[in-house]
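Please consult both while reading the notes below.

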Amino acid sequence: MEVLVTGWRSENVRGALRKMEINLGEDPKRWTLVQMPNGMGKTTTMKLLRDSLSGAELTPQEVRDLRADDKVDTGLFEVRLRVDGKTFRIQMRLDFRDGSATYWTARAAARGGGLEEGIALPRELQQLLKPTLIELFVFNGELANQIRDLSRTRATEAIRALYGLDVLGDLSRRIDSLVEQEQRRAASVSSAKEERGIRRLQNSLDEARRAKDRLNQQERGTATRMAELERQRERLDGEIDARMSEDAGLRARIERITERQAQLDGSISLLSVQMLDALRRPPHVHPRLLERLQTLGGRLYELKLPESISSEFFRELSKATECVCGRPIGPAERSAITERAARYLAQDQISIINQMKLALRESSGDPGESAEFVRQLQEKLRERRELRTDRERLTSERIAEGDQVLAKLRAQLGECKEELTTLAATIERLTTKDTIRQRSLRVTWETNQALCDAEIKMRAARLNTATKTRSFALQGKHMKALLTAIGSRSLDILTESVRSATNKKLEQILKSERIQVSRIAGGLELQSSGIGAKGGVSEGQSLAVAYAFLTSLLADAPYRLPFIVDSPAVSLDTAVRREVGDLIPGFFNQMVMFVISSEREGFADAFYARKSDVQYITVAPVDDGLVEIRPGLQAFKDFHMQEGAV
Amino acid sequence: MSFVLPLNARDFFGFEGQKAFAKASEPRRDAAARFLMFDAYYCCVLLGLDGRKLGDENKLEPDKFFDGYPEAFKGQAELMAGLLVDAELSRLQVAPDDRRRIEEEMVRLLDLTSATRLSEGGDRLLNRYAVSGFERLRDAMMQPDNLEEFLVGYHALWNSEQ
């Protein structure tokens with residue numbers, strides 16, 4: 001896949017870019033030399049090319065700095081590309097009033113060939129065009145020295161940019177952000193993040209679980225003891241009855257009491273059932289309820305609620321052509337009937353209200369019936385209590401007469417009942433779930449099972465959250481370590497691959513002296529039989545090394561990219577320029593070189609021999625700050641201008 | 001929606017599973033076995049409707065315990081709906097002759113197709129009346145040991161506030 005620059009143009013941009021169009025043709029030559037004097041916008045053009053390709057966000061000040069003069073409000077820079085044979089035009093539209101820069105793309109393939117907002121290059125290419133990579137092929141001459149400089153990291157940065165290793169750094173930062181987010185979320189439940197904090201939470205949960213085990217054990221022990229005591233009470237009751245029955249007179253009285261008690265229990269049960277049945281009919285519960293039901297029923301009758309005509313009736317009527325009164329129904333009547341139908345209830349609503357109304361009207365009850373049941377019930381309950389007292393009194397009399405055995409049995413029964421009462425209270429304290437009872441009994445999670453369950457749940461949630469958070473943070477740490485290792489290992493492999501490719505190129509182009517890249521460590525470390533590890537290469541060789549490195553690197557890009565360079569030889573003396581001019585043309589598929597007239601000698605004239613594949617363009621200033629584009633070698637050679645005069 | 005018990009009502013009526021007054025110290029008889037969980041709910045609702053005061057929805061159990069009315073309450077659904085309409089008209093201070101508002105309230109609260117004869121909103125309100133009724137019950141009487149004690153105490157409660 002190939003990307004070629006086919007031209008660019010500018011409007012209302014400062015310097016000579018007020019109105020300039022460079023056209024390299026649909027099938028541009030391999031090498032283009034654009035001769036532009038200093039001060040006419042070479043650096044600006046390079047920057048605008050870089051920004052347009054990356055869609056850079058410009059600050060309002062940066063935009064306004066591009067303004068040709070105060071008379072213009074808008075400006076434009078457009079770069080034309082051919083990507084795999086298809087034409088794309090990327091426009092940077094400048095609005096000097098609000099300081100904005102917006103990007104638009106015109107694609108030949110787009111419907112109607114119109115402009116669409118944003119940069120719309122093929123996806124793979126667009127992902128590749130990051131500022132750090134664009135810098136490598138819209139090339140700043142100074143970068144060549146930086147690539148060589150071991151104290152800088154340009155060479156490795158370039159490798160990282162091309163192979164997308166920066167994504168690993170983005171991933172690491174994303175992990176940090178996720179871990180922080182998780183810790184912040186978990187902080188509302190537990191602040192523990194470290195091992196010690198988690199141990200503390202685990203101990204705290206264990207403590208609550210031990211408390212629950214203890215409470216369960218207590219409950220089981222208490223219940224077992226209560227069951228024993230119940231049996232003991234029954235036995236003691238039986239023994240007391242048996243002891244009392246040894247006296248014939250007492251036996252007859254006890255039998256009567258027992259018999260009556262049984263009768264009373266039956267009566268109480270029957271009355272309870274009758275009372276419960278009455279209670280289930282609201283009008284029987286209290287006269288107030290009966291009165292309210294009847295009042296509401298009466299009110300519905302008085303107000304004639306619900307309406308007997310339903311909304312359905314009117315909806316049906318609206319479909320008829322004639323009203324029930326015989327008059328015709330036209331569109332106006334139909335509309336009015338439909339609209340007003342909504343004011344009436346639906347048939348099912350009328351039915352339910354009528355059902356309730358009927359029930360209310362027929363509601364009747366005799367609250368006196370319940371009162372009578374309760375009166376009888378109270379009477380039976382009182383008698384039951386009296387019988388119990390009678391039985392107690394008989395026992396007391398017998399003891400008073402000196403029955404020590406009975407006294408002992410009753411004392412045992414008393415102790416048994418007392419313990420049962422205490423244990424019942426203990427069970428209630430242990431088991432009650434009623435929040436009001438819990439408060440009034442002043443139980444805590446250490447003394448009540450329900451509260452202990454809630455405490456365990458809360459502590460487990462804290463521990464779970466803290467454990468998950470810590471585990472999440474640890475996983476994040478491992479993941480980051482892996483990413484670092486992957487990044488480091490990848491960089492080693494890629495660096496070695498680029499170094500080897502660079503050296504192969506250097507072998508071909510520097511035939512007179514064997515110069516090799518011995519190491520890429522931030523910058524490029526060179527070695528040669530004659531120069532030692534620290535350098536001593538000529539400036540031309542140095543530039544050749546930098547370009548060899550770049551071409552080796554860019555050769556692996558998914559697209560073959562053009563190489564655009566500003567003043568590639570300006571700092572070199574003439575001899576070196578010739579060397580560079582001879583060396584670098586073979587590196588790139590398309591090279592666009594901005595040169596000044598002083599670079600012609602030595603550098604540009606190295607291209608003169610390559611007749612067919614070179615294009616020469618000279619940008620010459622004319623009046624009013626405008627420029628003239630002069631194509632051809634002759635114009636290129638003939639152009640004379642004092643540098644710095646513009 | 002249907003019927004939801006107020007929180008702690010199960011404990012108050014001594015329910016163990018479906019058995020009320022399960023810890024009664026008196027020997028258990030058939031009568032206690034006939035006291036349904038719905039009876040407990042109904043006793044609370046009647047007191048709440050009588051007081052015409054809504055309770056806090058947060059003081060209800062999370063889930064319903066019964067749909068519709070049990071067989072023992074057959075024919076009472078319309079009367080309960082009537083008591084709810086009466087309580088709401090009073091709570092919302094609807095004038096006795098405001099025909100339109102009364103009709104609107106009935107439409108809001110009633111639903112022919114529902115087992116309770118109430119709309120979902122009506123069910124929800126009835127449950128909230130049960131909450132206020134339960135609070136009134138618990139303020140007035142100790143936790144009953146057995147059914148007969150409860151019945152006597154409940155009757156006394158209705159008659160103590162005439």
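The model is predicted. Chain A has 646 residues, of which 44% count as buried. Its secondary structure comprises 21 helices and 14 strands.

**Chain A overall**

- Among the contacts in chain A with a separation of 6 or more, 70% are between residues 24 or more positions apart.

**Cysteines**

- The cysteine sulfur closest to that of A:C323 belongs to A:C325. The two sulfur atoms are 3.6 Å apart, which is too far for a bond, because a disulfide requires a pair of cysteine sulfur atoms within 2.5 Å.
- A:C452 has 0% relative accessibility and therefore counts as buried.

**Cavities**

- The structure holds 5 cavities of 30 Å³ or more.
- The second largest cavity contains about 50 Å³ of space.
- Its lining is formed by A:T132, A:E135, A:L136, A:L143, A:R154, A:E157 and A:A158. The elements giving two or more residues to this lining are α4 (131–137) and α6 (154–162) of chain A.
- By residue class, the lining of the second largest cavity holds 3 nonpolar, 1 polar and 3 charged residues.

**Cis peptide bond in chain A**

- The peptide bond from A:L305 to A:P306 is cis, and its omega is near -5 degrees.
- A:P306 lies in the loop between α11 (287–302) and α12 (311–319) of chain A.

**Positive phi values in chain B**

- B:Q93 is not a glycine, although its phi is positive, at about 55 degrees. This residue is located in the loop between α4 (77–91) and α5 (99–109) of chain B.
- With a relative accessibility of 71%, B:Q93 counts as exposed, because the exposed class covers values over 50%.
- B:R117 is another residue other than glycine with a positive phi, here near 70 degrees. The loop between α5 and α6 (120–140) of chain B contains B:R117.
- B:R117 has a relative accessibility of 21% and so counts as partly exposed; the buried class is limited to values under 20%.

Notes:
Residues numbered from 1 in each chain as written. Chains lettered and ligands numbered in written order. Predicted model: local features only at pLDDT ≥ 70, side-chain atom pairs only at ≥ 80, totals over all residues. Heavy atoms only, no water. Buried < 20%, exposed > 50% of the residue type's maximum accessible area, 1.4 Å probe, protein only. 1 Å grid on protein atoms, 1.4 Å probe; cavity = no way out; pocket = protein on both sides within 12 Å on 5 of 7 lines; lining within 4 Å. Points joined across faces, edges and corners; volume = space filled by probe spheres on them. Helix = DSSP H or I, 4+ residues; strand = E, 2+ residues; numbered from the N terminus. Nonpolar A, V, L, I, M, F, W, Y, C, P; charged D, E, K, R; others polar. Contact = heavy atoms within 4.5 Å.
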